[in-house]
Amino acid sequence: MNSAFALSSTTFLYGLAMVCYAGAFAFKKKMPATAGFYVLAIGLVLNTAGIGLRWVESYQMGIGRAPFSNMYESLIFFSWTMTALYLYVEIKYKEQGFGVFVSPLIFLAIAYASFDPSMSAKINPLIPALKSNWLIAHVVTCFLGYAGFALAFGLSLTYYVKPGQPDQNSIFSRLPDGEVIDELTYQMVVFGFLFLTIGIITGAVWANSAWGKYWSWDPKETWSLITWFVYAIFLHLRLMRGWHGRNLALVSITGFMAVLFTYFGVNFLLSGLHSYA
């Protein structure tokens, strides 16, 4: 087995898991959601194997680098972080209703990497700026943060889909109560905020070693800071102002839009020190 086979299989499994969760939601059945959980878990194993094999293959090619240096590899890793975090949440809280909102995000990330014809899956040598021991720490912490925000986004959408008092026969009756959604959204934002903060700090240290200064107001740095402030406002509104429910969910959704622009928009629309990503 090579990394291409493992990651292709992962894409199929994540797509299948999404179908299972959608079927469980549409037909109000528990069994498809349980199947989706196990398919997602098998996908995570293959996703992990794919990342590991790609790392080994880079050494076999004489390049020898961690597989976190371009858009293709970051999307693969983004899928991995979202899947790992979602499975942990489902195991801990025994709530399967969120799968219908989160599994599409997991599938879309890896499907974009797998099927976009402009996406190169070649293993290329690192540019000089990326040759640093801070690469792994910076990328891993940032994408753990993004995974937390992605799950918070999926949870926040629930507020705008679920009626206030759903009928017992409604498909929305299987979704968790508002208090559970609110608490989980808050925990995912705290998780994401913590790791994004560490990611910004490790990135600043890395920038100083690569370009001689900690902060240069590069578009990626600026939008990372904007994203950080949006989630800082989320935490302030909840902890100091007592915000809950739909209004706070809207801040979470706004924050994830900032994440997407930092991740994709900056790369495609703005040039800067991170144009290689």
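Q: How many salt bridges are there between domain 1 and domain 2?
A: Zero salt bridges are counted between domain 1 and domain 2. A salt bridge here is a side-chain nitrogen of Lys or Arg within 4 Å of a carboxyl oxygen of Asp or Glu. This is a predicted model, in which local features need pLDDT of at least 70 and side-chain atom pairs count only at pLDDT 80 or more, while totals for chains, interfaces and linings use all residues. Residues are numbered from 1 along each chain as its sequence is written, and side-chain values use heavy atoms, with hydrogens and water left out.

Q: Where are the domain bounds?
A: Domain 1 is 1–126 and domain 2 is 127–276; the bounds come from an automatic or database domain assignment.

Q: How many residues does the contact take from each domain?
A: Domain 1 gives 30 residues and domain 2 gives 39, with contact meaning heavy atoms within 4.5 Å.

Q: And what area do the two domains bury between them?
A: About 3,000 Å², 79% of it on carbon and sulfur atoms. Buried area is the accessible area (1.4 Å probe) that two parts lose on being put together, summed over both.

Q: Which residues of domain 1 lose the most area to domain 2?
A: Phe 98, Phe 101 and Leu 126, together 22% of what that side buries.

Q: Which element gives the largest share of the domain 1 side?
A: α3, with eleven residues. Elements giving two or more residues to that side are α1 (3–27), α2 (30–60), α3 (71–93) and α4 (99–115). Helices (H or I, at least four residues) and strands (E, at least two) are DSSP runs, numbered from the N terminus.

Q: Back to salt bridges. How many in the whole structure?
A: The search finds four. Arg 54 is in helix α2 and Glu 73 in helix α3, 19 residues apart, so to speak of the pair is to speak of a link between distant parts of the chain.

Q: What span does α2 have?
A: From first C-alpha to last, the 31 residues of α2 reach 45 Å, close to the 45 Å expected at 1.5 Å a residue. The expected span is 1.5 Å times one less than the number of residues.

Q: What comes just after α2?
A: Gly 62, with a positive phi of about 85 degrees.
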